[in-house]
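Here are my notes on the model. Please read them with the structure open.

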Protein chains: 2
Amino acid sequence: MSQENSIGIVAPQRFCSSAPIRLKSGVTLPGFELVYETYGTLNPSRSNAVLVCHALSGNHHLAGIYAGKPDDIGWWDNLIGPGKPLDTRRFFVVGVNNLGGCYGSTGPLSINPENGKRYGADFPIVMVEDWVLAQARLADYLGIETWAAVIGGSLGGMQAIEWAMRFPDRLRHVMAIASAPKLSAQNIAFNEVARQAILSDPNFHGGHYAEYGVVPSSGLRLARMIGHITYLSDSQMGDKFGRQLHRGEYQFSYDVDFKVESYLRHQGNKFSAFFDANTYLITTKALDYFDPAFDFDGDLSTALARAKADFLIVSFTTDWRFSPARSREIVFALMKNRQRVSYTNIDCDSGHDSFLLDDPRYHAMLRAYLENIGI
Amino acid sequence: MSQENSIGIVAPQRFCSSAPIRLKSGVTLPGFELVYETYGTLNPSRSNAVLVCHALSGNHHLAGIYAGKPDDIGWWDNLIGPGKPLDTRRFFVVGVNNLGGCYGSTGPLSINPENGKRYGADFPIVMVEDWVLAQARLADYLGIETWAAVIGGSLGGMQAIEWAMRFPDRLRHVMAIASAPKLSAQNIAFNEVARQAILSDPNFHGGHYAEYGVVPSSGLRLARMIGHITYLSDSQMGDKFGRQLHRGEYQFSYDVDFKVESYLRHQGNKFSAFFDANTYLITTKALDYFDPAFDFDGDLSTALARAKADFLIVSFTTDWRFSPARSREIVFALMKNRQRVSYTNIDCDSGHDSFLLDDPRYHAMLRAYLENIGI
């Protein structure tokens with residue numbers, strides 16, 4: 001983190017919506033809470049607000065650090081701050097932990113008012129549409145009628161697209177990065193294996209592991225390891241690890257032989273120590289279920305026709321989880337409607353995770369786009 | 001199976017090598033048994049023998065059926081038989097279950113003479129080099145000094161390549177299909193997740209599950225599901241399953257939503273019901289460890305310079321597990337040495353598994369190559 005451009009010390013806030021929310025599944029929650037953070041200042045005309053939507057394992061802590069925790073840096077700190085591409089001297093930036101999350105928003109770890117116990121597996125499966133509805137309530141609460149932009153990478157990009165369809169008059173720009181209009185069979189397959197790893201962990205206990213004082217960390221660890229392979233590009237893994245040996249020679253055992261094994265185990269262990277398994281399951285389902293063209297006979301153009309926002313679509317050449325071709329599906333659907341769309345395919349070696357990195361061309365492009373947004 | 005061209009009823013045979021075998025790990029086995037099958041007739045000059053090496057989950061049962069079991073068809077039956085590309089009217093074809101396998105050859109399911117119990121996790125990790133050494137003993141036993149060809153797909157192709165380097169005078173043709181000169185970091189990563197799924201299954205019991213009367217089927221199931229994703233191409237999965245729903249609408253549960261999930265679960269369940277987890281672990285390690293250039297400063301050309309065989313290298317356009325680029329590494333290394341190599345990249349939509357299918361251009365090419373082998 002570049003300290004001089006950091007937003008500095010930030011603190012999460014809570015929004016409590018006491019009105020019921022009816023979810024796409026048909027389940028109604030009596031109310032909900034969202035944890036969020038804001039950076040910068042909302043201008044008097046309330047025209048400079050930007051919503052940043054998080055992906056599978058993200059949260060509301062986008063930028064800056066927490067008091068006394070200098071290492072707890074926001075996950076998109078390289079993008080957001082004074083003088084950074086998403087410049088907090090100009091924009092009022094909002095990050096929110098989604099419904100069903102495990103960072104403080106209402107989710108499986110929350111107390112179910114019906115029985116006084118944690119929801120666990122009883123928390124309903126949510127969809128991208130539900131998240132956007134909840135985010136809109138937060139926008140109401142913050143007095144934001146219209147977002148200057150809604151931005152997200154991967155699953156976050158899906159939320160940005162959904163915003164444009166669901167609330168066409170409430171945002172001026174969609175910035176969907178490393179995203180896709182819907183998951184492919186292969187995407188769903190990877191999610192399914194991750195889910196099966198969690199569901200078959202003996203500590204899962206049908207999702208009510210909290211009642212047993214355990215967590216299905218073994219399954220969650222496997223899920224994260226599988227995910228990680230898909231976040232990186234083949235060539236990047238080759239450059240970073242290749243066939244480098246951890247101890248210089250084959251072990252002829254199932255201990256770590258190759259450095260890439262050590263890396264994956266570390267990532268899996270780290271993640272499974274803090275992330276909630278039920279949230280992981282819910283979020284993969286939200287990914288699988290997102291399909292805006294579903295109600296339009298699969299015609300994405302028709303689905304997107306309602307949108308009034310300008311679109312920026314960004315893909316990365318080595319992203320094989322959501323390949324550039326998937327971004328171009330969105331671009332072509334918008335072009336067919338003669339909607340305003342800019343598209344760029346960034347030549348970056350870091351696969352799907354590129355959207356989180358500060359590749360100079362990528363950031364220069366986001367900076368230029370954001371500078372051109374009138375406030 | 002085309003019944004009129006079937007090899008018909010076949011039966012496995014056993015070869016017992018009572019001489020010790022020293023493995024690459026440094027472990028010495030006091031002796032070993034291999035289960036094998038043969039089809040066709042060895043000609044008087046013993047010049048028409050072809051060895052077919054199996055891949056991760058394959059075995060010795062290449063073609064034909066077993067008496068009373070008409071559905072137990074060999075895994076490469078579409079290739080091998082009278083009038084088929086690998087024509088058993090002309091060639092004497094040998095299939096063998098590798099050392100460490102779970103189809104009857106000496107492996108983790110065998111009795112360890114040291115303690116009278118199944119080897120389980122005490123069976124040593126073997127390498128491709130060990131397999132080839134054991135196969136050479138079988139060749140000695142069968143009176144085959146020189147194979148007309150050694151053929152294999154994927155891991156089987158690695159064995160064929162190893163044959164050419166280890167026993168340059170004992171084969172005339174290498175046919176390596178959908179193979180690679182060594183695994184990439186991404187390849188190893190997928191294997192590692194599969195291993196971790198097995199190793200973390202509570203029923204694994206450190207690999208001595210047989211003593212507990214259980215099998216780590218949950219871990220093996222996950223391993224197979226992960227594997228299956230890498231065997232198929234993204235486009236093929238899209239064509240075959242797309243986003244088709246199992247019950248016509250979202251379930252909002254972790255039951256099967258999409259047909260691709262149902263397919264993967266079925267494949268995982270089927271496999272975990274019969275395959276041995278320790279063999280799976282050993283075989284993934286054999287894959288990871290194969291690296292013929294390792295002793296030659298990573299120079300594959302130097303490693304291959306010993307080979308005297310003609311090479312046929314085949315890849316498939318949609319194979320992303322071992323992409324065409326991996327096959328071309330072998331081709332270029334051979335060309336650099338001015339060795340005789342033919343290469344073809346088959347335009348087939350079925351990903352890595354294409355090598356098992358009977359794509360007409362693929363089979364026509366194998367037929368032509370085999371017809372040109374003098375016997």
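1. Chain B has an open sheet of eight strands with mixed pairing, in the order β2-β5-β10-β6-β11-β12-β13-β14. Two strands pair if DSSP finds at least two bridges between them. The edge strands are β2 (13–17) and β14 (341–346) of chain B, each pairing on one side only. On average, neighbouring strands are turned by 20° against each other, direction ignored.

2. This is a predicted model: local features need pLDDT of at least 70, side-chain atom pairs count only at pLDDT 80 or more, and totals for chains, interfaces and linings use all residues. Residues are numbered from 1 along each chain as its sequence is written, chains are lettered from A and ligands numbered from 1 in the order in which they are written, and side-chain values use heavy atoms, leaving out hydrogens and water.

3. B:C16 stands opposite B:E33 of β5(B).

4. Helix α10 (residues 360–371) of chain B packs on the sheet. It touches β11, β12, β13 and β14 of chain B, contact meaning heavy atoms within 4.5 Å. Its direction makes about 180° with that of β13(B); angles run from 0 to 180 degrees between N-to-C directions.

5. Where does A:G107 sit? Its place is the loop between β10 (92–96) and α1 (128–142) of chain A. A:G107 is buried, with a relative accessible area of 0% (buried: under 20%, 1.4 Å probe, protein chains only). Beyond neighbours within four places in sequence, A:G107 contacts A:G100, A:G101, A:Y119 and A:F123.

Definitions and conventions: Helices (H or I, at least four residues) and strands (E, at least two) are DSSP runs, numbered from the N terminus. Buried means under 20% relative accessible area, exposed over 50%, partly exposed in between (1.4 Å probe, protein chains only).
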